[in-house]
Number of protein chains: 2
Amino acid sequence: MSLVIVGSIGLDSISTPAGEIQNALGGSAIYGALAGSFFTDAYIVGVVGTDFPIDGLNLLQQKGINLDGLEVKEGKTFRWSGKYNTWNKVETLSTELNVFADFSPQLPESCKSCRSLLLANINPSLQMQVLNQVSGYSHLACDTMNYWIYLCPKEIEQVLRRVNIVFMNEDEVREYTNKENIYSAARDILSLGPQWIIVKRGEYGSVAISNDDMYFAPAYPLEEVKDPTGAGDSFAGAFMGYLANHNILNRAVIKEAILYGTVISALNVADFSVKGLIDKTKAEIDVNKEQLVKWTT
Amino acid sequence: MSLVIVGSIGLDSISTPAGEIQNALGGSAIYGALAGSFFTDAYIVGVVGTDFPIDGLNLLQQKGINLDGLEVKEGKTFRWSGKYNTWNKVETLSTELNVFADFSPQLPESCKSCRSLLLANINPSLQMQVLNQVSGYSHLACDTMNYWIYLCPKEIEQVLRRVNIVFMNEDEVREYTNKENIYSAARDILSLGPQWIIVKRGEYGSVAISNDDMYFAPAYPLEEVKDPTGAGDSFAGAFMGYLANHNILNRAVIKEAILYGTVISALNVADFSVKGLIDKTKAEIDVNKEQLVKWTT
């Protein structure tokens with residue numbers, strides 16, 4: 001069974017305390033698909049302009065990522081430029097939506113039999129548009145961001161009522177619920193219907209919360225970070241990629257998914273753009289995951 | 001075998017978003033001893049003034065805490081007043097050292113056969129004075145704070161060279177080493193001689209780091225905090241109290257000590273002053289500890 005990821009595809013220019021990179025492969029769907037591709041067949045649903053580099057397409061294909069849902073549209077690809085003055089906070093220098101401005105996600109036929117859907121961070125109305133195209137999926141997950149929480153909380157609520165897994169960071173959980181305590185806030189979100197909320201805590205890891213259970217994982221310890229971009233997207237992509245092989249969403253599956261998400265997001269932030277994800281093997285990832293288990297048990 | 005705690009004993013006036021309390025039992029030695037007393041005989045070494053409330057002494061004695069090392073001196077007890085505008089940051093409103101200004105810790109004879117020593121947050125010169133009075137202890141631990149790190153880093157280094165366990169929070173680790181990355185910073189501190197550094201991360205839990213191992217624990221999840229005062233002291237007290245029953249400092253012992261420290265510091269912050277520590281049983285603590293293990297494995 002497979003993973004479908006709907007999200008942004010872009011060219012990022014990023015500056016961090018460790019260096020900088022220009023017009024590099026980025027976007028939530030790219031990070032998510034590369035992360036998910038270690039576990040399952042990953043399908044990207046997104047849009048690029050005619051200026052999108054052929055190298056980028058080749059890389060995705062080499063990693064076995066299915067591009068049936070990739071629309072190539074006359075115009076320029078989505079571009080984002082950001083600067084990290086500290087590791088926890090990014091300052092957006094510019095955003096050019098370009099062809100992404102009119103993105104209207106259409107799932108190709110080949111995505112009808114997939115098991116795992118990740119609605120990466122896009123307008124919740126578009127997330128709902130995708131949800132209305134699928135049936136028979138076991139795992140429906142959404143991510144979001146503070147921008148949409150401010151702009152269209154009602155639309156987010158509609159999405160939350162349809163998914164069974166939610167990815168949010170702590171600030172998003174607090175902003176959406178207007179509650180300071182994340183455990184109490186998580187219960188509010190679970191009351192809308194999701195089975196699990198995965199609260200991302202940056203360098204402190206994550207906690208998965210259901211109505212009657214929790215699982216805490218630290219972040220994978222790193223002595224050097226180069227580029228935090230895509231940490232949450234690669235986490236969610238790996239998580240949902242792992243879930244694509246499991247029909248039932250029990251605690252053991254959630255735990256493994258979180259451990260893999262943790263390991264892969266650490267590989268991602270250890271290098272610029274998607275470089276940290278492309279030359280790794282599943283065996284290396286498993287070694288790191290076992291090490292993480294040892295450090296937590 | 002027993003635990004000796006050297007530190008402050010005071011009367012605290014605290015205001016938090018959950019309420020306030022005046023002239024309540026406080027100080028690092030009090031929090032540490034009450035926490036440690038769940039696991040072993042705890043000895044307090046400290047000083048109070050003649051105004052120290054008899055209720056406070058009675059409480060310590062009821063909890064079986066040995067007061068041979070408690071000096072009662074003519075004058076007023078140490079007083080501290082603080083306000084928490086958020087849970088993570090306290091603003092000190094006033095500090096009256098009073099009899100604590102001339103504190104010169106002397107270990108009584110009854111403390112010579114103890115196993116576990118916790119040098120709570122006091123002037124590192126006084127910590128060294130205590131270290132020069134002990135021999136044959138298995139576990140020597142120190143805590144500290146940013147004030148001493150700025151004022152006398154050389155004296156802290158001397159202490160670090162003599163202890164085998166260090167408690168510091170993330171900010172203290174960074175300030176002392178002048179390194180941003182806590183794993184790299186921890187290695188600098190371990191290079192001075194300690195076997196383990198326990199890095200406290202507030203609401204995100206803690207990580208124990210040795211030269212070749214790590215153990216991560218989340219904070220015990222709480223939906224309501226009332227007073228964060230003494231969180232680190234009760235953590236360290238429980239940790240060192242557990243160690244008092246174990247001669248060898250292996251990973252399994254460190255892990256249990258951290259789990260108990262985590263559970264007890266959560267009980268502490270769930271109520272004002274030491275209230276959260278005094279009406280609990282070891283059996284209740286064990287239930288919480290087993291729950292924490294379930295949430296992390």
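The exercises below concern salt bridges in this predicted model.

**Exercise 1.** Determine which residue forms a salt bridge with A:Arg201, and where in chain A the two partners lie.

**Exercise 2.** Classify A:Arg201 and A:Glu170 as buried or exposed.

*Solution.* The cut-off for a buried residue is a relative accessible area under 20%. A:Arg201 has 7% relative accessibility and therefore counts as buried; A:Glu170, at 7%, is likewise buried.

**Exercise 3.** Work out how B:Asp279 and B:Lys280 interact, and classify the accessibility of each.

*Solution.* First, B:Asp279 and B:Lys280 form a salt bridge whose closest N and O atoms are 2.9 Å apart. Second, exposed requires over 50% relative accessible area, with partly exposed lying between the buried and exposed limits. B:Asp279, at 54%, therefore counts as exposed, while B:Lys280, at 22%, is partly exposed.

**Exercise 4.** Find which residues are linked with B:Arg201 in a network of salt bridges.

*Solution.* Start from the pair B:Arg201 and B:Glu170, which form a salt bridge with closest N and O atoms 3.6 Å apart. Then extend the search: the network links these two residues with B:Arg174, B:Glu180 and, from chain A, A:Glu203.

Methods:
Residues numbered from 1 in each chain as written. Chains lettered and ligands numbered in written order. Predicted model: local features only at pLDDT ≥ 70, side-chain atom pairs only at ≥ 80, totals over all residues. Heavy atoms only, no water. Salt bridge = Lys/Arg side-chain N within 4 Å of Asp/Glu carboxyl O. Helix = DSSP H or I, 4+ residues; strand = E, 2+ residues; numbered from the N terminus. Buried < 20%, exposed > 50% of the residue type's maximum accessible area, 1.4 Å probe, protein only.
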